[in-house]
Amino acid sequence: MTVLQCKNIVKNYSQGPQLVEVLRNVNLELQPSEHIAIVGASGSGKSTLLNVLGGLDKPDSGDVEILGEHFSRLSDNKRGKIRNASLGFVYQFHHLLPEFTALENTAMPLLIAGIKKSVALDKARSALEHIGLAERVAHKPAELSGGERQRVAIARALVNNPACVLMDEPTGNLDSKNARAIQALMKSLSEEIATSFIVVTHDEHLAKSMDVTYHLDDGMLSRA
Ligand SMILES: Nc1ncnc2c1ncn2[C@@H]1O[C@H](COP(=O)(O)OP(=O)(O)OP(=O)(O)O)[C@@H](O)[C@H]1O
Ligand SMILES: [Mg+2]
């Protein structure tokens with residue numbers, strides 16, 4: 001089954017009297033275990049597209065389907081449930097909660113889904129062990145390096161085994177050594193688990209490691 005599909009997505013922002021046309025007609029289909037990169041100039045609408053695909057923002061027109069559900073037409077409540085169960089997010093800036101530890105941050109999607117705290121923390125611990133952060137579970141974000149924070153964000157995105165993970169510049173704020181470590185981690189994870197990835201990136205190395213690259217240009221997405 002197609003994991004995620006969008007058809008004729010249009011998204012504009014109004015800025016005072018001015019209309020900013022960001023997405024003009026975006027079509028995309030993502031299959032199970034497929035890994036795609038989206039590249040494009042700064043301001044071309046990559047984050048906007050990920051937000052629309054992930055249901056964090058509504059398109060002005062067009063349709064997003066996740067695992068056969070018409071995402072854009074659902075109530076906020078139903079959409080939130082699907083998002084929590086089927087999607088993982090790694091944001092452009094990690095968005096870890098500063099007052100919580102790496103372990104609690106990682107467990108957050110499970111706790112939000114109503115899973116018992118002891119079970120959620122166990123799963124979070126094994127996700128962190130899996131990505132080499134067993135020794136850092138009790139650290140808060142301010143007590144982690146940039147690369148470690150980004151790894152925690154990836155653990156959090158994967159902790160509930162989502163069908164699809166949306167990543168916005170997962171290596172964007174990292175030096176090249178840490179960026180390559182994150183890339184290697186994503187590669188090994190993708191060999192072990194059947195999750196699909198959509199990765200927005202300026203990082204050519206990372207884009208090349210995906211199955212397909214798409215360009216977002218003038219509000220339209222095309223295969224590179
Ligand atoms: N809430 C908003 N109101 C008005 N304009 C917005 C809003 N959010 C984004 N924009 C505009 O929409 C365009 C696309 O923004 P977006 O954040 O999607 O770009 P991007 O491709 O992710 O850029 P970057 O590579 O710098 O992260 C930009 O021109 C931006 O100024
Ligand atoms: Mg962006």
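Me: First up: does Asp63 count as buried or exposed?
Reply: Asp63 counts as buried, at 13% relative accessibility. Buried means under 20% relative accessible area, exposed means over 50%, and partly exposed is in between, using a 1.4 Å probe and protein chains only.

Me: Before we go on, what kind of model is this?
Reply: This is a predicted model, so local features need pLDDT of at least 70 and side-chain atom pairs count only at pLDDT 80 or more, while totals for chains, interfaces and linings use all residues. Residues are numbered from 1 along each chain as its sequence is written, chains are lettered from A and ligands numbered from 1 in the order in which they are written, and side-chain values use heavy atoms, with hydrogens and water left out.

Me: Back to Asp63. Which residue does Asp63 form a salt bridge with?
Reply: Arg73, with the closest N and O atoms 3.6 Å apart. A salt bridge here is a side-chain nitrogen of Lys or Arg within 4 Å of a carboxyl oxygen of Asp or Glu. Asp63 lies in strand β4 and Arg73 in the loop between β5 and α2, so the pair ties together parts that are 10 residues apart in sequence. Helices (H or I, at least four residues) and strands (E, at least two) are DSSP runs, numbered from the N terminus. Arg73 is exposed, with a relative accessible area of 61%.

Me: How many salt bridges does the structure hold?
Reply: It holds 11. One of them joins Lys187 to Glu191, with the closest N and O atoms 2.9 Å apart. Those two are 4 residues apart in helix α6 (residues 176–192), so about one helical turn separates them. Glu191 is exposed, at 58% relative accessible area.

Me: Which residues are linked in a network?
Reply: Glu21, Arg24 and Asp218 are linked by salt bridges. Between Glu21 and Arg24, the closest N and O atoms are 3.5 Å apart. Glu21 is partly exposed, at 44%, and Arg24 is partly exposed too, at 34%.

Me: New topic, the sheet. What order do the strands have?
Reply: The order is β2-β1-β4-β5, an open sheet of 4 strands with antiparallel pairing. The edge strands are β2 (18–30) and β5 (69–70), each pairing on one side only. Two strands pair if DSSP finds at least two bridges between them.

Me: How many bridges join β1 to β2?
Reply: There are 9, and the two strands run antiparallel. Asn12 stands opposite Glu21 in β2, for instance. The hairpin of β1 and β2 has 2 residues between the strands, and Gly16 takes a positive phi near 60° there.

Me: You mentioned Cys6. How many disulfides does a search of the whole structure find?
Reply: It finds 0. A disulfide here is a pair of cysteine sulfur atoms within 2.5 Å. For Cys6, the nearest cysteine sulfur is that of Cys164, 11 Å away, and that is too far for a bond.

Me: Is Cys6 buried or exposed, though?
Reply: Buried, at 2% relative accessibility. Cys164 is buried as well, at 0%.

Me: Now the helices. How many residues of helix α3 are buried?
Reply: 8 of its 11 residues (102–112) are buried, so helix α3 is largely enclosed by the rest of the structure. Among the buried ones are Ala102, Leu103 and Met108.

Me: What covers the buried residues of α3?
Reply: The cover includes α2 (76–86), α4 (117–130) and α5 (146–158). Contact means heavy atoms within 4.5 Å. After α3 comes Gly114, whose phi is positive, near 90°.

Me: Last one: what does Glu69 touch?
Reply: Glu69 touches Val64, Leu74, Lys78 and Ile82, leaving out residues up to four places away in sequence. Glu69 sits in strand β5 and counts as partly exposed, at 31% relative accessibility. Its C-alpha atom is 9.5 Å from that of Arg79, 10 residues apart along the chain.
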